Amino acid sequence: FAILQSTNPGHRDEPPPYARINALLQKHGKLFETERGAHALTLLGMRTALWAADPAGALRIAGRVPPISAVRAEPDYLWMTASARFLTRDFAGAEAPLVELFASKGADRKRKAAAAYGLCGVYRKLGNHVEQLRYALWLRSNAGEGGSLIDAWGTEDAVSVYWAMSGRSEEHTSELQSP
């Protein structure tokens, strides 16, 4: 609904799409109280906020989800929460969702690798070199033939936020999508 409303060409005089989506999320906040609404709106809203370069907005949306909501355990929710925290320079706050994502049974090998790369960056920023090394070693021991778990992803599976301190070489950054 929000996407259709915000991208309808008949509304040319209204604010840009992100502002409209954000306003709709604010106006219909009760939808976050249902499990179905929380799942659909949270992931859509957070992704939109990150693509619009509003990590603080993504965190506000994440905070509207009830603590017992199943969406809080979703790999996408965990990744976007960690990304938003990292981008707002809350490096310590990015750690918990990444650790949860890394340990999640719902995370495939790619998302586990993304969490490990992210944790390398978080621990670099926090000065926790022991944990940084631990995740770097996990990445190396699970890399396989190509030498990296992320190199094999392809752009349609690329993570939405690249963290420079995650250990990725600069030559590959253009392959990843950015917010």
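Tutor: Rings of Phe, Tyr and Trp (its six-membered ring) pair if their centres lie within 6.5 Å; planes under 30 degrees apart count as stacked, over 60 as edge-to-face and the rest as tilted. This structure holds four aromatic pairs. It is a predicted model: local features need pLDDT of at least 70, side-chain atom pairs count only at pLDDT 80 or more, and totals for chains, interfaces and linings use all residues. Residues are numbered from 1 along each chain as its sequence is written, and side-chain values use heavy atoms, with hydrogens and water left out.

Student: Why is the pair of F102 and Y135 called edge-to-face?

Tutor: Check the distance, then the angle. The ring centres of F102 and Y135 are 5.0 Å apart, within the limit for a pair, and the planes stand at 90°, so the pair is edge-to-face.

Student: What makes this a link between distant parts of the chain?

Tutor: F102 sits in helix α6 (residues 91-103) and Y135 in helix α8 (residues 129-141). The two are 33 residues apart.

Student: Why is the pair of Y123 and Y135 called stacked?

Tutor: The centres are 6.0 Å apart and the planes 20° apart. That angle is under the limit for stacking, so the pair is stacked. This pair also joins distant parts of the chain: Y123 is in helix α7, Y135 in helix α8, 12 residues apart. Both Y123 and Y135 are buried.

Student: Which residues do the ring pairs link into a cluster?

Tutor: F102, Y123, Y135 and W138.

Student: How many helices and strands does the chain have, and what makes a run count as one?

Tutor: Eight helices and zero strands. Both are DSSP runs numbered from the N terminus: helices are H or I with at least four residues, strands are E with at least two. From the N terminus on, the elements read α-α-α-α-α-α-α-α. Of the 179 residues, 42% count as buried.

Student: Why are α5 and α7 called roughly parallel?

Tutor: Axes are lines fitted to C-alpha atoms, for helices over the stretch in contact, with angles from 0 to 180 degrees between N-to-C directions. Under 35 degrees is roughly parallel, over 145 roughly antiparallel, 65 to 115 roughly perpendicular, the rest oblique. The axes of α5 (residues 75-87) and α7 (residues 109-126) come within 11 Å and cross at roughly 20°. That makes α5 roughly parallel to α7.

Student: Which residues make the contact of α5 with α7?

Tutor: Contact means heavy atoms within 4.5 Å. On α5 they are P75, D76, W79 and F86; on α7 they are R111, A114, A115, G121, V122 and K125. By class, the residues of this contact are six nonpolar, one polar and three charged. Ala, Val, Leu, Ile, Met, Phe, Trp, Tyr, Cys and Pro count as nonpolar, Asp, Glu, Lys and Arg as charged, and the others, Gly among them, as polar.

Student: Which residues meet between α4 and α5?

Tutor: P55, A58, L59 and A62 of α4 meet Y77, T81, A84, R85 and L87 of α5. That contact has seven nonpolar, one polar and one charged residues.

Student: How do you know whether T81 is buried or exposed?

Tutor: T81, in helix α5, has 9% relative accessibility, so T81 counts as buried. Leaving out residues up to four places away in sequence, T81 touches M46, L59, A62 and P97.

Student: Where do A53 and R89 lie?

Tutor: A53 is in the loop between α3 (35-51) and α4. R89 is in the loop between α5 and α6. Neither is a glycine, yet phi is positive: about 60° for A53 and about 70° for R89.

Student: Why is A53 called exposed?

Tutor: Its relative accessible area is 61%, over the limit, so A53 is exposed. R89, at 62%, counts as exposed as well.

How values were computed:
Buried means under 20% relative accessible area, exposed over 50%, partly exposed in between (1.4 Å probe, protein chains only).
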